[in-house]
Amino acid sequence: MKQFVLMAALLIGGLAGSAKAADTYTVDPVHSSLIFRIKHANVGYFYGRINDPAGTFTLDAADASKSAFEFTVAVNNIDTHNDKRDAHLKSPDFFNEKQYPTIAFKSTSVKKAADNKLEVTGDLTLHGVTKSIVVPVELVGVGEFPKGTGRAGIEAVFTIKTSDFQIKGMPGALGEEVRLMVGLEGVKK
Amino acid sequence: MLSHDEILKALLVPAIVSALIGAVGCWRRWAWATPLALGAGFLLGYWLMRAPAWNPSDGSERLYWLAMPVALLAMLERWTRGWTVLLAGAVAIVLMQPLYPRHATVSHLWGLSLGLAGVGALHWLAGRFAEARLGAGWIVAAWAVVLGGAGVLVMSSNFRAMGLTGMTAAAATAPLVVFAGRAGGARALVAVAYALLVGVLINGRFYADPGITWVQLGLLIGAPLVLAAGALVPVKRRWVRGAMALLAVLILVGFIVGPAALAAKKAAENPDPYAGYYP
């Protein structure tokens with residue numbers, strides 16, 4: 001009887017332990033960044049950012065396929081340290097914020113690529129167009145800060161084409177490829 | 001400042017195409033050739049700049065597709081007795097609908113559209129009155145000025161694509177000053193030009209930030225009506241009345257658009273075509 005109880009306790013503990021392998025984090029907008037880079041006049045790179053990304057991500061250390069990523073960011077939060085340029089980017093010449101206010105990404109499959117690296121396939125919705133893209137994600141770290149508050153950080157760097165999302169842009173003045181650098185820190189739920 | 005590519009595609013090609021069709025219409029005295037010239041020139045210029053997707057992504061691309069049926073219906077103006085100018089109301093609804101309900105409420109959708117349709121009726125009446133007293137050329141010239149002014153104004157509101165569209169419409173209208181008189185299609189041109197003007201200004205008002213103001217939109221929409229006032233000037237010579245009417249329109253448009261044009265001139269003095277875009 002005692003052995004049965006012990007085995008049941010171990011089994012339940014094991015199941016509970018494996019269930020906790022997947023942790024879900026809520027994006028902390030204060031410590032997260034979304035930076036974009038685009039070529040200007042074919043001579044230099046320009047960097048801008050979109051503030052306050054939101055969303056959640058789930059990391060499963062035991063089974064990467066059970067990880068998941070879902071983010072949104074408001075186009076209205078574009079910040080290029082120039083108010084007129086920000087307004088132009090929000091206009092239909094670029095993101096058309098009034099018609100498409102949100103940029104969103106939702107993962108559809110995740111697989112392990114290497115140690116602390118994942119290959120995430122998901123749907124990116126931008127300017128009213130949804131395209132499946134593959135994003136390499138690095139697991140930067142997991143810890144506690146402050147004590148008792150679990151945190152995790154990820155980073156993704158990938159490139160998209162504005163023409164794939166029907167963004168008119170300014171041909172000749174701006175390049176078609178945009179590099180996105182996303183650094184997200186999440187607070188464990 | 002416009003690039004060489006934009007000057008060619010947005011201004012020269014529409015003007016040339018419109019002139020060719022207008023010349024044929026003038027030679028054969030086909031009144032319907034006048035709105036066809038404007039429509040064809042505008043659509044070709046737009047297509048050369050940015051061939052829009054069949055599933056339009058925003059209001060400016062919707063205007064491209066709307067211009068086709070509007071131009072075709074305007075060609076029937078002779079038989080519809082001006083009802084085609086009411087199409088501007090329908091244009092307004094279609095352009096604003098994607099913004100519903102965040103940026104265009106039901107009152108915007110219907111109130112503005114009905115109002116624009118009503119103003120369209122006034123434009124037809126004013127055009128009919130003015131054409132008899134001034135001649136078709138002055139009417140067409142006034143519409144070219146108003147369309148070009150709308151383009152400059154909207155471009156200054158951080159909306160380059162739509163600003164170019166307005167200028168394209170103006171470029172396609174201008175050559176018809178020479179041909180519309182003999183062809184007799186001035187009132188039909190009003191139907192197309194008014195719909196395009198409504199489209200440009202609605203995009204500039206609702207899609208861009210900070211966007212043009214209600215006052216600017218209202219004054220530009222109403223500017224061609226000043227022609228009717230000019231037609232009442234008690235001067236014997238017709239061309240003098242026409243010149244005075246056009247001058248009145250120029251002054252009104254200049255008052256609204258002048259500050260924006262001065263800013264564009266300042267930007268044009270910078271060798272980098274886009275550096276001065278964000279002063």
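1. A word on terms to begin: buried means under 20% relative accessible area, exposed means over 50%, and partly exposed lies in between (1.4 Å probe, protein chains only). By that scale Asp52(A) is partly exposed, because its relative accessible area is 45%. Asp52(A) is not a glycine, yet its phi is positive, about 60°. You will find Asp52(A) in the loop between β3 (44–50) and β4 (54–60) of chain A; strands (E, at least two residues) and helices (H or I, at least four) are DSSP runs, numbered from the N terminus.

2. Please keep in mind that this is a predicted model, where local features need pLDDT of at least 70. Residues are numbered from 1 along each chain as its sequence is written.

3. His127(A) has a positive phi too, about 55°, and is not a glycine. His127(A) sits in the loop between β8 (117–126) and β9 of chain A. Its relative accessible area is 3%, so His127(A) is buried.

4. Two cis peptide bonds deserve a look. Phe145(A) is joined to Pro146(A) by a cis bond, with omega near -10°, and Pro146(A) belongs to the loop between β9 (129–144) and β10 (150–161) of chain A. In chain B, the bond between Tyr100(B) and Pro101(B) is cis, with omega about 0°; Pro101(B) is in the loop between α5 (87–96) and α6 (106–134).

5. Why flag these points? Most residues other than glycine have a negative phi, and most peptide bonds are trans.

6. Finally, turn to Leu20(B), in helix α1 (residues 4–28) of chain B. Leu20(B) counts as exposed because its relative accessibility is 56%.

Conventions:
Chains lettered and ligands numbered in written order. Predicted model: local features only at pLDDT ≥ 70, side-chain atom pairs only at ≥ 80, totals over all residues. Heavy atoms only, no water.
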